Amino acid sequence: MTRTVLEIKNVKHNFGSNYVLNDVNLKISEGQIISLVGPSGCGKSTLLKAILGTHPPNSGQILVDNEIHNSPTRNVGIVYQHYHLPPFLTARENVALGLKLDETSTPYRIFKFFEWRKLKKQHLEKATAFLEKVNLSKYADLYPHELSGGMRQRVAIAQAIIMRPSVLLLDEPFGALDEQTRENLQEMLLSFYQENIEAEKEGDVPPYTILIVTHELTEALIVGSRVVGLSQFHSDGINGASIVFDEQAPIFEPGFDRNLIEFNKQKDRLRHSVFDPNVNQHRDKFISYWKDYQHEQEQKEILK
Amino acid sequence: MRIRKPINKKTRFVLGFISILSCIGFYSVVSWRQHVKNPLDTTVPNFSQLIEGISEACTVNISSDYDHPDRKFLWGYKQEINFGTNKSEYKLVESWLYADFKATYGRFIKGVSLSIFLSIIVGMLAGSFPKLDAFIRPVTAFQSFVPPTAALAIFFILVGTGENLYMAIILFGVFPSLTQSIFYAVTKDIEDYEIDKFYTLGASHFEVMYELVFLKIFPRILGSIRLAIGPVMVYLIATEWLVADVGFGYTLKIQSRKLNMAPVYFYLILLGTSGYLLDWSILTIRRKFCSWFGE
């Protein structure tokens with residue numbers, strides 16, 4: 001089994017008497033691309049902020065690389081819906097920004113100016129390579145205001161992945177984009193998944209572990225290797241939202257045909273268990289990811 | 001014709017030129033009427049009187065014979081003073097313009113630099129740390145409504161009537177408004193998301209403050225400085241008018257009292273032009289270094 005990079009243990013979060021999160025448990029292994037879906041106002045953003053470390057939970061623990069995570073650090077990356085790129089840096093400088101901040105300090109940049117210049121050149125070269133990865137090398141010297149929304153989001157993603165964070169959080173990353181751009185970026189995420197698979201085949205550590213928060217079910221099923229549903233619609237919903245759905249997604253490698261029958265079945269299941277306010281089942285009913293994973297591993301062992 | 005219909009550069013230039021010509025024309029008519037009434041009038045000098053006034057302000061009398069002055073265009077020169085002794089002594093005689101320019105803009109630069117420096121630090125910190133904001137804001141908000149010239153007597157007591165007075169007046173007058181505008185720039189232009197993101201990129205607290213907050217609000221700081229230039233000159237000239245023995249304010253007061261208005265008009269044109277050039281320089285800096293900010 002691959003290494004666990006994020007573990008959410010019995011997380012509860014409340015604002016006064018109003019419980020937003022109720023006993024949330026989730027374990028994420030490296031190389032997984034997880035789609036987190038849920039109805040509006042169910043607490044997805046609260047959970048995301050808790051994972052990011054800006055709003056630690058009232059009770060429970062969030063562990064990143066087996067260490068308690070309660071403030072934002074370079075181990076957890078974030079890409080927001082509205083990009084939030086520093087407007088005074090070009091696309092290339094934006095992508096290299098994390099390397100500069102993470103690998104050097106202000107005194108280093110002042111007192112070891114010439115060493116810093118050499119290092120900066122390397123950072124910019126690396127940033128160019130990452131811009132190529134997201135198909136933006138032609139626009140490397142443009143400022144964010146000169147780029148389209150989709151391009152800015154690509155820069156934001158490159159800016160985050162260049163840091164190789166343990167977990168990358170994508171908060172409704174394609175929410176502000178048109179359909180075509182959205183599809184292109186979804187393909188880009190699938191190519192990351194492809195890289196993960198290739199790395200695993202070669203026995204390397206998969207480079208990307210991503211948790212993508214979205215309210216688009218189709219998107220969740222297309223880009224995720226695992227789909228997790230957070231919802232307050234369960235038998236104990238009065239105490240806040242919890243994980244009510246956790247299954248493998250029918251992820252498609254770029255260029256492969258999609259199994260629409262399985263896709264639609266899962267979508268219906270997801271819609272029923274996560275988004276239907278009349279559902280009053282136990283919250284564990286649709287949680288089967290780790291059981292399925294175990295089963296899959298056992299099958300593999302037998303086949304060996 | 002419609003509201004906000006754009007105009008081209010040529011039209012803009014021609015209209016601006018006509019506006020300046022209109023001012024000159026209006027002045028000429030008023031001056032001419034005044035000189036018809038009284039040919040020796042100096043309150044609205046004609047152009048030859050204006051040139052005389054300019055020459056008076058820009059030249060130095062290098063003759064020791066005051067009845068037969070020999071004025072030359074010089075910033076200043078060392079005049080030998082001998083009071084029947086063998087020892088040569090010198091005093092520096094400077095033209096009004098040079099002496100006043102040096103004094104006023106020296107005070108301006110010192111006062112404005114100190115105010116900008118303190119405002120940036122306090123404004124950025126207050127915008128970033130709500131506790132500090134809660135501590136500072138009531139005082140700066142109150143202070144911003146007190147005209148510094150009204151508090152001159154207090155400054156005489158606190159800092160005396162020396163050079164520190166001008167710095168104190170400028171600081172008192174500009175610091176609250178500049179700090180507030182920098183504070184608002186930080187709170188409005190910097191979103192929490194951006195700060196969180198910087199931390200996820202490995203930034204330290206100082207790096208967040210400099211690499212994000214300062215660099216992002218830098219064009220707004222320049223904008224606030226541009227707006228502060230006018231009030232700074234008001235406070236400075238008013239204070240010089242009251243207490244200085246050199247400086248634009250002082251010369252304006254003395255020459256106005258003598259009704260020798262030619263140097264006064266010349267100084268007003270100089271103040272306007274230098275203010276305009278300063279404003280233009282700041283705008284150019286902003287265009288050059290913050291092209292991303294737009295106009």
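Trainee: Where is the place of B:Ser256?

Mentor: In this predicted model, B:Ser256 belongs to helix H9 of chain B, which covers residues 248-257.

Trainee: Why is B:Ser256 called partly exposed?

Mentor: A residue is buried with 20 or more other C-beta atoms within 10 Å, and exposed with 12 or fewer. B:Ser256 has 14 such atoms within 10 Å, so it is partly exposed.

Trainee: Where does H6(B) have a kink?

Mentor: The kink, of about 35°, is at B:Val174, shortly before the proline B:Pro176.

Trainee: What makes H6(B) mostly covered?

Mentor: Of its 27 residues, 20 are buried, and a residue is buried when 20 or more other C-beta atoms lie within 10 Å of its own.

Trainee: Which residues touch the most other members of the largest nonpolar core?

Mentor: They are A:Leu169 and B:Ile170, in a core of 127 residues. Helix H6 of chain B, residues 163-189, gives the largest share of this core, namely 15 residues. In soluble globular proteins, nonpolar side chains tend to be buried together.

Trainee: What does A:Leu169 touch?

Mentor: Leaving aside residues up to four places away in sequence, its contacts include A:Leu48, A:Ile51, A:Val76 and A:Leu211.

Trainee: Next, the sheets of chain A. What is the order of the open sheet of seven strands?

Mentor: The order is E6-E7-E8-E3-E9-E10-E11 in chain A, and the pairing is mixed.

Trainee: Why do E6 and E11 of chain A stand at the edges?

Mentor: Strand E6 (76-79) and strand E11 (286-287) each have a single partner strand, so one side of each is left without a neighbour in the sheet. Helix H1 of chain A, residues 44-52, packs on this sheet, and its direction makes about 150° with that of E7(A).

Trainee: How do you know that E10(A) and E11(A) pair?

Mentor: Pairing requires at least two bridges. Strand E10 of chain A, residues 242-248, and E11(A) have two bridges, in the parallel sense. A:Phe245 stands opposite A:Phe286 in E11(A).

Trainee: In which sense do E1(A) and E2(A) pair?

Mentor: Strand E1 (residues 4-15) and strand E2 (residues 18-29) of chain A pair in the antiparallel sense over eight bridges, with A:Glu7 opposite A:Lys27 in E2(A). These two strands form a hairpin with two residues between them, and A:Gly16 in the turn has a positive phi of about 65°.

Trainee: Which open sheet has four strands?

Mentor: In chain A, the sheet with the order E2-E1-E4-E5 has four strands and antiparallel pairing. E2 and strand E5 (67-68) stand at its edges, because each has a single partner strand.

Technical notes:
Residues numbered from 1 in each chain as written. Chains lettered and ligands numbered in written order. Predicted model: local features only at pLDDT ≥ 70, side-chain atom pairs only at ≥ 80, totals over all residues. Core = buried A, V, L, I, M, F, W, Y, C linked by C-beta atoms within 7 Å. Contact = placed C-beta atoms within 7 Å. Bend = angle between axes of the 7 residues up to and from the residue. Axes fitted to C-alpha atoms, helices over the stretch in contact; angles between N-to-C directions.
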